[in-house]
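Dear colleague,

Please find below the structure that I am handing over to you, together with its sequence. My notes on what was found in it follow directly after.

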Amino acid sequence: MPTDPGLRRLALGTLLAAFPGTTPPGWALDLTAEGLAGHTLFGRNIDHPDQVATATAALREARPDVLVAIDEEGGDVTRLAHATGSPYPGNAALGAVHDVALTRRVYHAIGNELAAVGVNVDLAPTVDVNTADDNPIIGTRAFGADPLRVAAHAGAAVEGLQAAGVAACAKHFPGHGATIADSHLELPTVDVPLDLLRERDLPPFAAAIAADTKAIMTAHIRVPALTGDAPATFSRAVLVDLLRGEYGFTGVVLTDALEMKGAAVAAGGIGPAAVRALAGGADLLCIGAQVDAELVELVVAEIVAALRDGRLDLTRVEQAAGRTATLAAWTRAAAPVRVAGTDLGYAAARRAVQVEGILSGGDTPLVVQLFATSTIAEGRVPWGLGPHLGGAEQLRVVAAETDAETLRSRAAGRPIVLVGRHLHRLPGGPELVETLAGSHPVTVVEMGWPSRWRPNGVRAFVTTYGASHANGRAAAELLGLTS
């Protein structure tokens, strides 16, 4: 049966696609002209600001009200600065400083940078309350573990972004902070009663809604009390009854990437996931990062088929496409306020650094960076003190493959600065630190989520609350290692 052009355009109006390379290919431009809601930019789409501006201009030539989204959280999750690391600290550092005016200014500056290159939707801020120290996917992306503190900064971040004319998207509803699993890889479960969710996880979303966030992103998590065995992304109890009914949200409900296993596996594929998300109350469907014309057509065909066979109600999809069009209209009508962000991020990162113990001067240390993997959300972004070191020597080692005596010998009497991310859960990390500190002067720089673990015997423990370029410079300056 041939596809009805009206139904095809309606389905396209609910989709956020992506494309490879630094120039939009012909199929991406053609689908945009046909009515595709928009595209998400990833690190592979970013070379330099002028190139990004040219790419977004090409999309707008295809259709002026196209949505161009990006994950630009500052801190450990950056796309614009994926080659160097972000010049802004992330949410954990801003939460540690706990100056909501500073958070508003930082997000305003990020919004200005996005608007300057033609991006009009930021898939930020992350407003999850990170109550699980070993959360593998949120961590330093959160403003903290206290709901009221996170709520205060959530509202400020939304206000800052949207003052720059960039729509904010608070994520991940109803809260990904209590998980110890990554929804990119599996379906995490948060098995708590609704009252605890309201008390612990939902206040930041209420604050973002009060600040008029234009979008809220769903979480591919299972909350049995609300969702049964399905993810929140497919749940009317979460997206309609709770988010819209109880919390009064009227903007766009945007899904996390449907290619993630927390959604795709649960539904039996990206196409069925799109149908279930729309039926559950989502408006704008982020397909994911690995997208081509064939995948978009597959999803469109699945939505159209669902409209024909009754799995989807036409009014529901019209409502979704209408909300997405309203968001696009807001981005075109927004009157941004420009502010200078020069060195703002670096100054903020300096304020966040905390020191326990005594920093000793004297000999230039040997800097040892312990290898740590990156999450899918972060990607392979440079981190550490390396770019900021003056004359200090640096080694990069794998903790589980390195013994303390080797490092003592290499230091040749110099003190050692050990730099890591999430050291408490790094295989071999705690043992290496404590063994070395037992017979050698050691300072630890923790650039991940600050756990309660503190190694015995170290002279100082430095916490940066993130691993961005700004966080690295702040730590290097504090230790007197910059040239």
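Ala-115 is partly exposed, with a relative accessible area of 24%. Please bear in mind that this is a predicted model. The residue belongs to helix H5, which covers residues 100-116. Once its neighbours within four places in sequence are set aside, Ala-115 is in contact with Ala-164, Val-166 and Arg-338. Ala-81 lies 34 residues from Ala-115 in sequence, and the two C-alpha atoms are 15 Å apart in space.

**The six-stranded sheet**

An open sheet is formed by 6 strands in the order E9-E14-E13-E12-E10-E11, and its pairing is mixed. The edge positions are taken by E9 and by strand E11 (393-397); each has a single partner strand, so one side of each is left without a neighbour in the sheet. From one strand to the next, the twist averages 20°.

Several of the pairings can be described individually:

- E9 (residues 354-357) and E14 run antiparallel and are joined by 4 bridges. In this pair, Gly-357 stands opposite Ala-460 of E14.
- E13 (residues 442-446) pairs with E14 in the parallel sense, again over 4 bridges. Here Val-445 has Val-462 of E14 as its bridge partner.
- E10 (residues 366-370) and E11 run parallel, with 5 bridges between them. Leu-366 is found opposite Glu-393 of E11.

How are the two faces of strand E14 covered? In a regular strand, side chains alternate between the two faces of the sheet. In E14 (residues 460-463), Ala-460 and Val-462 lie on one side, Phe-461 and Thr-463 lie on the other, and all of them are buried.

**Two helix pairs**

In the first, the axes of H2 (residues 26-34) and H3 (residues 49-62) come within 8 Å and cross at roughly 40°. An angle under 35 degrees would count as roughly parallel; H2 and H3 are therefore oblique to each other. Their crossing is right-handed. On the H2 side the contact is made by Leu-29, Thr-32 and Ala-33, and on the H3 side by Ala-58, Leu-59 and Ala-62. By class, the residues of this contact comprise 5 nonpolar, 1 polar and no charged.

In the second pair, H15 (residues 344-352) packs against H18 (residues 469-478) at an angle of about 55°, and the axes are 8 Å apart. H15 and H18 are therefore likewise oblique to each other. The crossing of H15 and H18 is also right-handed. H15 contributes Gly-345, Tyr-346, Ala-349 and Arg-350 to the contact, while H18 contributes His-469, Ala-470, Asn-471, Arg-473, Ala-474 and Glu-477. The contact of H15 with H18 divides by class into 4 nonpolar, 3 polar and 3 charged residues.

**Backbone features**

Which peptide bonds are cis? His-172 is placed in strand E5, residues 167-173. Another joins Phe-173 and Pro-174, with omega about 10°. Pro-174 is located in the loop between E5 and helix H7 (194-201).

The remaining two points concern phi. Ala-412 has phi near 50°, a positive value in a residue other than glycine. Its place is the loop between helix H16 (404-411) and strand E12 (416-420). Is Ala-412 buried or exposed? With a relative accessible area of 63%, Ala-412 is exposed, because the cut-off for that class is over 50%.

His-422 likewise has a positive phi, near 55°, and is a residue other than glycine. His-422 sits in the loop between E12 and helix H17 (429-437). Its relative accessible area is 15%. Buried means under 20%, and His-422 is therefore buried.

Yours sincerely

Definitions and conventions. Residues numbered from 1 in each chain as written. Predicted model: local features only at pLDDT ≥ 70, side-chain atom pairs only at ≥ 80, totals over all residues. Heavy atoms only, no water. Axes fitted to C-alpha atoms, helices over the stretch in contact; angles between N-to-C directions. Parallel < 35°, antiparallel > 145°, perpendicular 65-115°, else oblique. Left-handed = near helix turned anticlockwise from the far one by under 90°. Contact = heavy atoms within 4.5 Å. Nonpolar A, V, L, I, M, F, W, Y, C, P; charged D, E, K, R; others polar. Buried < 20%, exposed > 50% of the residue type's maximum accessible area, 1.4 Å probe, protein only. Pairing = 2+ DSSP bridges.
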